[in-house]
Amino acid sequence: MSDLIINGVDALEHGIRMGEGFLNELLCPAPLKEFITNESRLEHGKRVIYNEPRFDSRDLTLVFTIEGSTQEEYLANFKYFNSILAKGKIEIKVPAISDEVFVLTYQRSSGFGINLARTFSKVSVKVAI
C-alpha cells in the first residue's frame with residue numbers, strides 16, 4: 001500500500017515522501033467559522049446561533065522529502081514535484097489513515113535544504129486547505 005498519493009499518483013514512484021510533522025499538520029482539526037451573534041441592549045449578554053456550524057479554511061506547512069539514487073534521478077523527481085506545485089491545486093491522500101482526499105491550494109515554499117551529494121532534499125510548502 002502506498003504511503004502518500006498526490007494527484008492520483010503514488011508519490012514514492014517519484015521519490016516523494018512525507019517529512020517531519022506532515023501528518024500532525026494535515027490532521028489537526030480545522031477551526032470553526034465565527035458564529036452569528038447578536039448583542040441587544042434589551043437582553044443580557046449576547047445571543048449566539050449555533051445551527052449548522054462550518055469549518056474555516058486554514059494554512060498548513062507541510063514538509064516533503066524528495067530523493068533519488070543519482071543526481072539525475074533526484075533532479076527529475078524535483079522537477080516533477082515543482083510541476084505539481086505549479087498547478088496550484090494539490091490533492092493528497094494518505095491511505096494508511098483515511099480514504100479522504102485533502103484538496104490543498106499551493107501558496108509558496110517556505111524552506112528548502114539539500115544534501116551535499118544532491119540526491120536528497122527537504123521542502124517546506126505552505127498550502128491552504
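1. Let's start with strand 6 and strand 9: they run antiparallel and are joined by 9 bridges. Strands here are DSSP runs of E with at least two residues, helices are H or I runs of at least four, and both are numbered from the N terminus. Two strands count as paired if DSSP finds at least two bridges between them. Within this pairing, Leu 62 has Val 125 of strand 9 as its bridge partner.

2. A word on the model before going further. It is predicted, with local features needing pLDDT of at least 70 and side-chain atom pairs counting only at pLDDT 80 or more, while totals for chains, interfaces and linings use all residues. Residues are numbered from 1 along each chain as its sequence is written, and side-chain values use heavy atoms, with hydrogens and water left out.

3. Strand 9 also pairs with strand 8, in the antiparallel sense, over 8 bridges.

4. Have a look at Thr 65, which lies in strand 6. Thr 65 is buried, at a relative accessible area of 9%; buried means under 20%, exposed over 50%, and partly exposed in between, using a 1.4 Å probe and protein chains only. Not counting residues up to four places away in sequence, Thr 65 touches Gly 15, Ile 16, Arg 17, Met 18, Gly 19, Phe 120, Ser 121 and Lys 122, where contact means heavy atoms within 4.5 Å.

5. Helix 2 covers residues 71-86, and its 16 residues reach 22 Å from first C-alpha to last, close to the 22 Å expected. That expected span is 1.5 Å times one less than the number of residues. Its buried residues are Tyr 74, Asn 77, Phe 81, Ile 84 and Leu 85. They sit on the same side of helix 2 because they cover an arc of only 100° around the axis, taken from the directions from the helix axis to the C-beta atoms. Among the elements covering them are strand 6 (59-67), strand 8 (101-114) and strand 9 (120-128). The face turned away from the buried side carries the exposed residues Glu 72, Lys 79 and Ala 86.

6. After helix 2 comes Gly 88, with a positive phi near 90°. Lys 89 lies in strand 7 and is partly exposed at 48% relative accessibility. Leaving aside neighbours within four places in sequence, Lys 89 is in contact with Asn 7, Val 103 and Leu 104.
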